[in-house]
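Keep the structure open while you read.

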Amino acid sequence: TCLSEGKGYHFPPCHIVNICGFRVLIDCPLDLSALAVFSPLPTVISNLFDEKTSNDGGQCSSNSESVRQEVAESFDSKSLIQAEPWYKTVKSLQLWSVHSLDVVLISSPTGMLGLPFLTRNKDFRAKIYATEAASRLGELLMEDLVSMHMEFRQFYGPEEFGCPQWMAWEKLELLPMALKDIVLGSEGTELCGWMSIYSAADIKGCMEKVQSVKYAEEACYNGSLTIKALSSGLEIGACNWNILSPRGSISYLSGSVFASTTATGFDYKALKGSDILLYSDFTDCNDVDSEKNNFPLATGGCSYSSDIGSCSETIIESWIDSSEYTREMETVSSICSCALETISDGGSVLIAIGRPGVMLQLLEDMSLSLDSSNLKVPIYLVSSVAEELLAFSNIIPECLSSQRQERFYSKPGPLFTHVQLSNEKKLLVSPAIHSSKFLTSWQEPCIVFCPHWSLRLGPVVHLLQRWCQDPNSLLLMEEGYDINLAFLPFKPMSMKYGLCSFISGMKLRKVIPLLKILQPKHVLVPESLRPHISCCNPNFSVCYFSENETVIMPKLKSYADMDIAMDSDSKEKEEQYIAKLKGELLVEQGKHRLVLENKLVLSLQVKGRVDLDSLLTALQKMGMKVTAEHAQSTDGPENVSIVYISEPKEALIEITPTRTMISVADETTSSLVSEAVRSTLVCF
């Protein structure tokens, strides 16, 4: 069940997968772009009271229809919700019982921002898995979010009991349509997804429930599911997931990048041969229009060969060496060029980009660009978790790109240059803009990295209010958001701004070739990709999914494979036998295993015969109580002699002219019986 298709890197998709009776939740994000409906804290408090009075007066008017029309016509900063922000979660997740979740898989740091809302529920009992890097970065992002939100709590006072006033229906009706669509959704059903911010204690309780794993490390849940995280290349710590169950394997393919500037590359080989592949990279769905000229549509022929697997390595190598890495570096280079131009004109640069990997890369390249241009301006990094983030980035070589790993192992030292920049006083790190360290070192023009990319909370709000009227200064942020709405509280805005595009997943032209290389039995893809997938005649089964619809896949196996613990000698037998077994049935690492209470030793086969009388005499000399009988084999005309041993331990010997088979419950007895049989062989 796809609970949400998401909105790119900062709001990844959310799914629930039911496999072998276990319910697995994949990602639990927050839609932080929805913070745009709230007004940031004002610099002049009297302005807020004027706006509150104006809004309250309008809401008490008897002619509500005229008020709605007036609000719609005057869509400005006063139209925003003047209250402590709430946070928009995945609405459909609220419809599922927290108690019913067994496993939670986190594919990126942003995929766990909504997790404390679940874990603080006393009925939550699921096991959470995330990579070590995603777990730590996600924790830092949550702590920073809570820290930034505290400004609102200090301004508006203690949290209201129950629902806040802005959620009253009569006030929601007065919102402009653009804001109402964000708050209520297109169908008017998303109000239940809004929640008040969690606390630092909630974050701590959440992280105590997270089990960190390394890339390619197997984690076993309940003996039935073997779970493995595989690098996706999207961000430091981001991953895809492989789930192995007794009934088959499922691979979850999220936004992936073959060659990243900072993160470990996409480990696509580990996804090969899955029974089911859930393709959840919606980046290509959002770029259908821009990609349509480079991708075959249903009206045209497909340019991809059905024998693409034979040249898979060549294709992948060309993808790794080509556009993605180059494009990312070109974007970073362009940002640095714009920043240098702004500094040269006497303006300051404000960078509100929320990707840790990109920010670390920008810090390096920005300082190099300043040095090469002989510009002496300070670089500030302002965040409540800035020092922890920088320190953590230098102890995770296994999560970084191959270029950085090679550099680290060939010349051990810091993985990033921010340590050197701090020592040289070129980079100044501060937890807040009101800290004494920040205020005493402040000078303009300068370059400032700070959160939050929503432009509604954090240091960016204060600095944007300071520079929004400066035509020489520059704001850099990611594209993909409603710029008019984001800039609404800061209008009229003379400040320049640049929208940066970073890779968030694969392009359409790579999807079909990749799926053919991975060769899954069944593929689940978004409904929006149907015309592009169907035209290429894939050699695998394809199902399509939409948001809030459950897709039931065919059973992979009607039975589960089982290993039976037996002696190594018995495994060499070519014949098959039917026997009653008594033991303990276990499920380990996603496989059934039968551990026998009594070891069955089917170890001796001879081409010849055993002398029965001599065997009975030998066994009796060993102190065994034996009886013998004759019968005819069910497989043919051969005569069968069966020897029963009742003491000291039970055993059975079946003798034919061509073979002897021993079944015994004790290792000591097994050795004695085998010795007696070998000593009485007439011929081989």
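## A helix pair, then the rest

The crossing of α21 and α22 is right-handed. Keep in mind that this is a predicted model. Helix α21 covers residues 612-621 and helix α22 covers residues 667-679; they pack at an angle of about 145°, with 9 Å between their axes. On the α21 side the contact is made by Leu 615, Ala 618 and Leu 619, which meet Val 673, Ala 676 and Val 677 of α22. Sort those residues by class and you get six nonpolar, no polar and no charged ones.

**The overall picture**

Stepping back, the protein chain has 22 helices and 28 strands. Of its 684 residues, 52% are buried. Among contacts with a separation of 6 or more, 70% are between residues 24 or more positions apart.

Which residues have the most contacts inside the largest nonpolar core? They are Leu 25, Trp 166 and Tyr 198, in a core of 58 residues. At least two residues each come from β2 (14-19), α3 (115-119), β6 (127-131), α4, α6 (177-184), β7 (194-195) and α7 (200-208). Helix α4 gives the largest share, with five residues. As a rule, nonpolar side chains in soluble globular proteins tend to be buried together.

Helix α4 turns up again when you look at α17 (residues 459-467). In α17, the buried residues are Pro 459, Val 460, Val 461, Leu 463, Leu 464 and Trp 467. These pack against α4, along with β14, β15 (379-382), β17 (447-449) and β18 (474-478).

**Charge pairs**

Side chains of opposite charge can pair when their charged atoms come close. Here the count comes to 17 salt bridges. Three of them are set out below.

| Salt bridge | N to O distance |
|---|---|
| Glu 84 and Arg 153 | 2.7 Å |
| Asp 371 and Lys 426 | 3.2 Å |
| Glu 527 and Arg 530 | 2.6 Å |

Take the pair of Glu 84 and Arg 153, which meet in a salt bridge. It links distant parts of the chain: Glu 84 sits in the loop between α2 (64-73) and β4 (87-88), while Arg 153 belongs to helix α4 (residues 132-156), 69 residues apart. Is Glu 84 buried or exposed? Glu 84 has a relative accessible area of 12%, so with the cut-off for buried at under 20% it counts as buried.

Now for Asp 371 and Lys 426, whose side chains also form a salt bridge. Asp 371 is in helix α12 (residues 356-372) and Lys 426 is in the loop between α15 (418-423) and β16 (427-430), so this pair ties together parts that are 55 residues apart in sequence. Asp 371 is partly exposed at 35% relative accessibility, and Lys 426 is partly exposed at 29%.

In the salt bridge of Glu 527 with Arg 530, Glu 527 is partly exposed at 31% and Arg 530 is partly exposed at 36%. Elsewhere, salt bridges with shared partners join Glu 364, Arg 404 and Arg 407 into one network.

**Loops worth a look**

Ser 348 is in the loop between α11 (323-344) and β14 (349-352). With a relative accessible area of 2%, Ser 348 is buried. Beyond its neighbours within four places in sequence, Ser 348 is in contact with Thr 342, Glu 444, Pro 445, Cys 446, Trp 467, Ser 473 and Leu 474.

Two of those names come back together: the peptide bond from Glu 444 to Pro 445 is cis, with omega near 0°. Pro 445 is in the loop between α16 (436-441) and β17. The peptide bond from Lys 491 to Pro 492 is also cis, with omega near -5°, and Pro 492 is in the loop between α18 (483-487) and β19 (496-500).

Leu 234 is a loop residue too, between β10 (225-231) and β11 (239-245). Leu 234 is buried, at 16% relative accessible area. Leaving out residues up to four places away in sequence, Leu 234 touches Tyr 9, Gly 255, Val 257, Ile 503, Ser 504 and Gly 505.

Finally, look at phi. Asn 374, in the loop between α12 and β15, has a positive phi near 60° and is exposed at 63%. Lys 425, in the loop between α15 and β16, has a positive phi near 65° and is exposed at 66%.

Notes: Residues numbered from 1 in each chain as written. Predicted model: local features only at pLDDT ≥ 70, side-chain atom pairs only at ≥ 80, totals over all residues. Heavy atoms only, no water. Salt bridge = Lys/Arg side-chain N within 4 Å of Asp/Glu carboxyl O. Helix = DSSP H or I, 4+ residues; strand = E, 2+ residues; numbered from the N terminus. Buried < 20%, exposed > 50% of the residue type's maximum accessible area, 1.4 Å probe, protein only. Axes fitted to C-alpha atoms, helices over the stretch in contact; angles between N-to-C directions. Left-handed = near helix turned anticlockwise from the far one by under 90°. Contact = heavy atoms within 4.5 Å. Nonpolar A, V, L, I, M, F, W, Y, C, P; charged D, E, K, R; others polar. Core = buried A, V, L, I, M, F, W, Y, C linked by side-chain atoms within 4.5 Å.
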